[in-house]
Amino acid sequence: MSGTGKKRGRLVADKRYPAAKPAAGKRKTSKPAARKKAPARKPATRKPAARKTTRRRTRRTKRKFNPVVGFFLGIFGWILRMMWRIGWRVAAVVGVMVGAGVMYYYSSLPPVEQLVDGRVRGSVILLDRDNRRFASRGDLFGGIVTANTVSPHLKNAVIATEDKRFYRHLGLSPRGVASAIRINLAAGRGPLSGNGGSTLTQQTAKLLCLGKPYDPAKWDSEKAYEDDCRQGSLWRKIKEAVYALALETKYSKDDILTIYLNRAFLGAGARGFEAAAQRYFGKSASDVNPAEAAMLAGLLKAPTRYAPTNNLQRSQDRALTVLRLMEEQGYLTSAQAAQARENPAVLSKAAQARAGGYFADWVMSSGPSFFTKNTTEDVIIRTTLDPRIQRAAEDALTYIFETKVSPGSKAQAAIIVMSADGAVRAMVGGRQTKVSGAFNRATQALRQTGSTFKPFVYAAALDLGYSPNDYVMDGPLTINIPGSGPWSPKNYGGKYYGRVTLTEALMRSLNTATVRISESVGRDAVRAVATGFGIREDLAAGPALALGASESTLIEMTGAYAGILNGGRSVTPYGLVELRLLGDSEPVMKQEGGYGERVISEQAAGGLTYMMNQVVERGTGRRARIDGWQLAGKTGTTQKARDAWFIGFSADYVAGIWMGYDDNTPLKGVTGGGLPASIWHETMVRVLDGIEPKPLPMIVPAPPVPEELVIQPQSTGRDDVAEQLLRDVLENIIDGGR
């Protein structure tokens with residue numbers, strides 16, 4: 001091998017991979033030549049840039065894989081992975097639960113027709129004597145309206161105000177909830193307090209109380225049930241959302257809107273838009289114009305606050321906001337919106353008058369509670385109210401207080417007008433006549449009767465045989481009251497008239513003469529007459545009984561005077577004539593008059609009517625006179641002028657007036673013959689307008705008996721034998737005079 005003569009090359013390891021074969025037709029080059037042309041060689045100008053890029057990548061790699069950063073990034077990544085693994089499982093479980101809840105509620109939802117009337121209580125509609133509705137109580141339901149039959153303006157107003165995306169969402173509005181939370185937080189409230197961001201579907205779910213009906217056995221009251229339905233807790237909101245999804249699954253959008261339109265409470269006892277339209281505008285919800293629709297939709301925010309019967313201006317201002325929303329959302333043109341703003345909605349005449357607020361309250365309290373306050377049925381009550389007479393009483397009271405009472409006076413007054421059988425035709429329980437549920441001074445206020453009690457003293461005397469022209473002494477009098485000592489009544493003004501007839505004693509309202517008569521006939525006889533005529537309160541035991549020291553209500557006193565007018569029979573004041581259930585032709589109960597038993601004879605009642613006629617013609621009640629009419633009445637003023645009365649009658653009607661302060665503050669310069677008589681006059685002028693004058697059923701007495709026969713005072717008691725002898729003498733003289 002050494003003899004070849006050639007130089008030995010370097011020893012190299014065998015190549016593990018075969019060299020690529022040269023292309024056909026090309027000559028195989030030697031290794032050095034191949035290395036020179038190797039593609040790995042790059043131009044020298046590009047090598048520095050490549051090295052710089054490599055260094056940057058190296059620095060980035062070092063920063064990225066910093067051990068501390070890498071540790072925290074690893075933890076963060078692990079958390080994200082765990083959240084994802086848990087999150088989608090939780091979401092799946094929640095989705096299954098929501099789906100189950102939706103299906104549960106879905107299966108329990110009845111047909112739409114069973115959901116439109118959601119009242120717990122029934123309604124009571126009160127009709128006047130002409131069978132026209134003048135008031136209503138309870139939850140009034142006017143009838144079913146649908147999303148297709150209601151006025152398009154009303155439908156658009158509700159959607160624009162409550163849920164402008166109603167027809168585009170699936171029952172929930174995350175955007176609305178987020179906006180409501182933002183508003184609540186900005187106002188300093190809790191996220192769920194105030195604005196709720198609920199859709200119309202969610203509001204319908206709340207109105208349905210999630211399908212849970214009212215159960216009197218479970219709830220303490222209807223209010224507690226409604227408060228539970230309206231609670232805004234997070235759990236409640238979640239259940240409402242699930243129920244809303246079930247509603248959207250079960251019903252169409254128009255069905256949901258129909259339920260809402262019929263169940264929403266809109267103030268003044270109106271449940272549903274049909275009842276509200278009838279209540280406020282006297283028309284159907286299908287006929288309301290844009291201004292009326294805006295006012296009705298505006299009530300949804302706060303029904304009681306914005307009810308036009310409470311504050312019409314506030315309701316109109318709220319309607320302007322609704323009109324702006326309707327215009328912005330394209331439901332009204334600019335011209336339509338402008339016209340609605342220029343012609344705001346107003347109450348109908350019936351709603352504006354609201355006649356008989358006090359009267360309606362009284363009738364409701366006088367009827368059985370299971371047909372009035374607590375009824376679950378719709379009830380119709382026909383009453384004795386005469387709207388013309390009611391307006392007359394209200395106008396008279398307003399006129400007197402505007403023209404004859406000092407501005408700012410807090411004095412109150414009450415009026416009752418009734419027929420001779422006790423049928424109440426008008427009732428005003430205070431100066432604020434357009435009220436409901438207020439304190440009724442005509443039926444609830446117990447006040448001293450003063451001299452309006454005196455006719456019962458004279459009624460007892462006449463019924464025992466005395467004549468209106470018999471004499472009695474009016475002079476100083478002292479009666480010894482066991483346990484109290486001497487008592488000396490005095491006349492108003494301190495003047496005494498000596499010997500006077502019974503008629504003159506009543507005409508001048510003389511105290512000492514009246515006490516003498518009471519003591520002569522006996523207090524028990526006086527009490528019997530007063531009680532028989534309907535004065536049911538405890539009557540004073542002492543001689544002050546004759547001067548009206550006892551208390552009574554205006555309606556009792558007026559009813560007692562009606563007994564004098566009708567000839568001596570007692571009456572029970574009444575306002576309910578007939579009560580029946582809606583849809584029934586036969587009444588559940590009826591009232592055919594308030595006549596009771598006879599209390600005094602017709603002759604005594606006729607004589608007393610004559611004496612009371614002289615009170616108006618020549619005595620303390622002259623301000624009550626009306627030209628062309630025979631009228632009778634009696635004034636009354638209590639101690640320190642805390643109460644002032646005038647009660648009187650024509651041949652057709654009895655009217656009673658009371659005036660005073662609620663806190664018993666004495667009236668200044670007011671007696672029964674003053675402002676009360678003036679109020680009575682103004683009331684009866686209006687009541688009797690257009691009626692043909694009729695004579696009173698009075699009996700003019702025989703000429704006076706001789707003046708020598710005088711009823712003597714009795715200071716410590718009564719001698720029954722002497723009294724009987726005196727009566728016999730009087731009867732003989734009277735019979736002889738006739």
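Predicted model: local features only at pLDDT ≥ 70, side-chain atom pairs only at ≥ 80, totals over all residues.

**Entry 1**

I began with R382, which is partly exposed, with a relative accessible area of 25%. For my own reference, buried means under 20% relative accessible area, exposed over 50%, and partly exposed in between (1.4 Å probe, protein chains only). I then looked up E578, and E578 is buried at 16%. The side chains of R382 and E578 meet in a salt bridge, 3.7 Å from N to O. R382 lies in strand 5 (residues 379-383) and E578 in strand 15 (residues 576-581), so the pair ties together parts that are 196 residues apart in sequence. I counted a salt bridge where a side-chain nitrogen of Lys or Arg is within 4 Å of a carboxyl oxygen of Asp or Glu. Helices (H or I, at least four residues) and strands (E, at least two) are DSSP runs, numbered from the N terminus.

Residues are numbered from 1 along each chain as its sequence is written, and side-chain values use heavy atoms, with hydrogens and water left out.

How many salt bridges does a search of the whole structure find? I got 21. One of them joins R447 to D643, with the closest N and O atoms 2.6 Å apart. This pair links distant parts of the chain, as R447 is in strand 8 and D643 in strand 19 (residues 643-649), 196 residues apart. Are its two partners buried or exposed? R447 is buried at 8% relative accessible area, and D643 is buried at 3%.

I also looked at R132 and D130, whose closest N and O atoms are 3.1 Å apart in a salt bridge. R132 is partly exposed at 48%, and D130 is partly exposed at 44%. Elsewhere, salt bridges link K212, D228, R236 and E240 into a network.

**Entry 1: the whole chain**

I stepped back for the totals. The chain has 25 helices and 21 strands, and 48% of its 738 residues are buried. Its accessible surface comes to about 38100 Å², of which 53% belongs to carbon and sulfur atoms. These areas come from the Shrake-Rupley method with a 1.4 Å probe; for residues, only the protein chains shown count as cover. Among contacts (heavy atoms within 4.5 Å) between residues at least 6 apart in sequence, 72% join residues at least 24 apart.

**Entry 2: rings**

I searched for aromatic pairs next. Rings of Phe, Tyr and Trp (its six-membered ring) pair if their centres lie within 6.5 Å; planes under 30 degrees apart count as stacked, over 60 as edge-to-face and the rest as tilted. By this rule I have 10 aromatic pairs. F166 and Y167 form one that is edge-to-face, at 5.0 Å centre to centre and 75 degrees between the planes. F166 is buried at 1%, whereas Y167 is partly exposed at 40%. Ring pairs also link F453, F456, F533 and Y561 into a cluster.

Which residue lies over the face of Y106? K250 does, at 4.8 Å from the ring centre. R318 lies over the face of Y306, at 5.9 Å from the ring centre. The rule here is that NZ of Lys or CZ of Arg is within 6 Å of the ring centre and within 35 degrees of the ring normal.

**Entry 3: a covered helix and a loop**

Helix 16 (residues 357-366) is mostly covered, with 7 of its 10 residues buried. Among them are Y358 and W362. N440 sits in the loop between strand 7 (424-428) and strand 8 (447-448), and is buried at 4%.

**Entry 4: an exposed strand residue**

E597 counts as exposed at 66%. Leaving out residues up to four places away in sequence, E597 touches G568, R569 and S570. The C-alpha atoms of E597 and F533 are separated by 9.1 Å, and the two residues are 64 apart along the chain.
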